[in-house]
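Student: I would like to learn how to read the side chains in a new structure. Could you walk me through some features?

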Amino acid sequence: MNKKTITVFAASILTCSVFAGALGTTWANQAAIPVTTQQETKANEAAKQTMFRNIKLAEPALLYTLQGEASVFEGTYQYAVKQGKHILAKGFGTASKGGPEWGTFAQTIKIPTSELIGNEPLMLEMFEINQENGALINKLSIPLDSSDKVKNNNVFRNLKLAATSVVYKVSGEASVFEGTYQYAVKQGEQVIAKGFGTASKGGPEWGEFSQEIVIPLSNLSKNKPSTLELFEIDQESGEMKNKMVLPLQQG
């Protein structure tokens with residue numbers, strides 16, 4: 001075998017060795033890549049499509065609204081909501097004018113459902129405080145389980161109690177077009193409340209939001225679970241997309 005043939009043969013062996021080494025390295029690198037299952041792929045895609053995160057639902061509260069006129073010192077009145085001897089809520093409000101003139105007022109009172117005790121009726125007490133001795137005076141008791149015309153006394157008159165509502169509050173973050181999201185509350189297929197809100201930032205950034213949803217108590221059925229749907233509207237087709245469904249605690 002001449003020198004030229006030996007040289008070509010050696011070069012061929014060297015080339016094959018380099019190719020085999022490179023091929024082996026490629027296979028090793030491929031083997032190091034983790035294998036993603038179809039289930040994991042679907043989960044990752046779903047996570048990317050979720051446009052709502054860190055969602056929190058506050059416990060529902062009963063909402064009562066009382067309107068009327070008051071003739072009290074400096075327009076300030078006090079109130080307390082009781083269930084038997086248990087005080088569920090208390091506070092004060094201000095009429096548009098102080099006594100002896102008559103001023104108008106509108107008072108809203110929220111009571112978390114967790115505060116309620118059984119089925120005992122709720123009573124709202126309206127009164128004022130004597131400025132000399134701190135005594136409770138001119139008290140008027142109003143049953144909250146009735147929207148009938150409320151009685152008057154010498155410092156409260158023309159009182160009207162609105163129908164009771166339930167308040168649901170949801171907060172979290174959204175990454176939606178121009179920050180606008182839609183919501184709907186359903187019982188089964190029936191929509192009992194719907195509307196929209198705006199997050200602090202528009203997508204693709206994440207903006208914070210807080211939404212109160214008020215539903216007349218008469219619209220809720222005790223025998224059907226309620227759900228809250230958060231979603232956005234596709235700007236081209238007008239269809240619902242990126243929907244998130246959350247179960248709601250009964251009010």
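Predicted model: local features only at pLDDT ≥ 70, side-chain atom pairs only at ≥ 80, totals over all residues.

Student: How many aromatic pairs does the structure hold?

Tutor: A pair of aromatic rings is described by the distance of the centres and the angle of the planes. Here the structure holds four aromatic pairs. One of them joins Tyr 77 and Phe 105, with 4.9 Å from centre to centre and 50 degrees between the planes, and this pair is tilted.

Student: Where in the chain do Tyr 77 and Phe 105 lie?

Tutor: Tyr 77 belongs to strand S3 (residues 76-83), while Phe 105 belongs to strand S5 (residues 103-112). They are 28 residues apart, and the pair links distant parts of the chain.

Student: Are Tyr 77 and Phe 105 buried or exposed?

Tutor: Both are buried.

Student: Why is the pair of Tyr 77 and Phe 156 called edge-to-face?

Tutor: Planes over 60 degrees apart count as edge-to-face. The planes of Tyr 77 and Phe 156 are at 80 degrees, with the ring centres 6.4 Å apart, so this pair is edge-to-face. Tyr 77 lies in strand S3 and Phe 156 in strand S8 (residues 156-161), so the pair ties together parts 79 residues apart in sequence. Phe 156 is buried, as is Tyr 77.

Student: Which residues form one aromatic cluster?

Tutor: Look for Phe 52, Tyr 181 and Phe 209, which form one cluster together.

Student: Which residues in the largest nonpolar core touch the most other members?

Tutor: In soluble globular proteins, nonpolar side chains tend to be buried together. The largest nonpolar core here has 45 residues, and Val 81, Phe 105, Leu 124, Met 126 and Phe 156 touch the most other members. Leaving aside residues up to four places away in sequence, Leu 124 touches several residues, including Leu 66, Val 81, Ile 109 and Leu 140.

Student: Why does Ile 87 count as partly exposed?

Tutor: Partly exposed lies between the cut-offs of 20% for buried and 50% for exposed. Ile 87 has 42% relative accessibility, so Ile 87 counts as partly exposed. You can find Ile 87 in strand S4 (residues 86-94). Not counting residues up to four places away in sequence, Ile 87 touches Val 81 and Lys 82.

Technical notes:
Residues numbered from 1 in each chain as written. Heavy atoms only, no water. Phe/Tyr/Trp six-rings, centres within 6.5 Å; stacked < 30°, edge-to-face > 60°. Helix = DSSP H or I, 4+ residues; strand = E, 2+ residues; numbered from the N terminus. Buried < 20%, exposed > 50% of the residue type's maximum accessible area, 1.4 Å probe, protein only. Core = buried A, V, L, I, M, F, W, Y, C linked by side-chain atoms within 4.5 Å. Contact = heavy atoms within 4.5 Å.
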